[in-house]
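Reader: I have a chain open in the viewer and would like to talk through its fold. Could you take me through it?

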Amino acid sequence: MRPEDFDVPRPPTPTPGCPTCRALADRRETARLRRDGSAETDANVLLRRHQRSAHGNREQRQAR
Ligand SMILES: [Zn+2]
């Protein structure tokens with residue numbers, strides 16, 4: 001796993017109409033409501049990884 005998967009400055013946005021994105025975003029939201037930071041990060045990692053493979057990496061890495 002790459003370091004940027006753990007450093008999440010900007011959470012990935014779920015793609016409209018994708019059930020997997022919605023499920024992961026829902027999971028992230030639930031974790032946030034429970035103040036479960038590690039579960040929230042975990043959901044972000046899964047969502048980002050899913051988007052990278054399923055949606056062709058729409059989220060380009062931002063130049064800082
Ligand atoms: Zn998706």
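**Helix packing**

Author: In this predicted model, α1 and α2 cross in a left-handed manner.

Reader: Which residues make the contact?

Author: From α1, the contact is made by Thr20, Cys21, Leu24, Ala25, Arg27, Arg28, Ala31 and Arg32. From α2, the residues are Ala39, Glu40, Ala43, Asn44, Leu46, Leu47, His50 and Ala54.

Reader: And by class, how many are nonpolar, polar and charged?

Author: The contact of α1 with α2 has nine nonpolar residues, three polar ones and four charged ones.

Reader: At what angle do the axes cross?

Author: The axes of α1 and α2 cross at roughly 165 degrees and come within 8 Å. Because angles over 145 degrees count as roughly antiparallel, α1 is roughly antiparallel to α2.

Reader: How many helices and strands does the chain have?

Author: There are two helices and zero strands.

Reader: What about the loop between α1 and α2; which residue is found there?

Author: One of the residues in the loop between α1 (19–33) and α2 (37–54) is Arg35. Its phi is near 55 degrees, a positive value in a residue other than glycine.

Reader: Is Arg35 buried or exposed, and why?

Author: Arg35 counts as exposed because it has 8 C-beta neighbours inside 10 Å, and the cut-off for exposed is 12 or fewer.

Reader: Turning to the whole chain, what share of the residues is buried?

Author: Of the 64 residues, 14% count as buried.

Reader: And what share of the contacts is between residues 24 or more positions apart?

Author: Such pairs account for 47% of the contacts in the chain with a separation of 6 or more.

Conventions
Residues numbered from 1 in each chain as written. Predicted model: local features only at pLDDT ≥ 70, side-chain atom pairs only at ≥ 80, totals over all residues. Helix = DSSP H or I, 4+ residues; strand = E, 2+ residues; numbered from the N terminus. Buried ≥ 20, exposed ≤ 12 C-beta atoms within 10 Å, placed from the backbone. Contact = placed C-beta atoms within 7 Å. Axes fitted to C-alpha atoms, helices over the stretch in contact; angles between N-to-C directions. Parallel < 35°, antiparallel > 145°, perpendicular 65-115°, else oblique. Left-handed = near helix turned anticlockwise from the far one by under 90°. Nonpolar A, V, L, I, M, F, W, Y, C, P; charged D, E, K, R; others polar.
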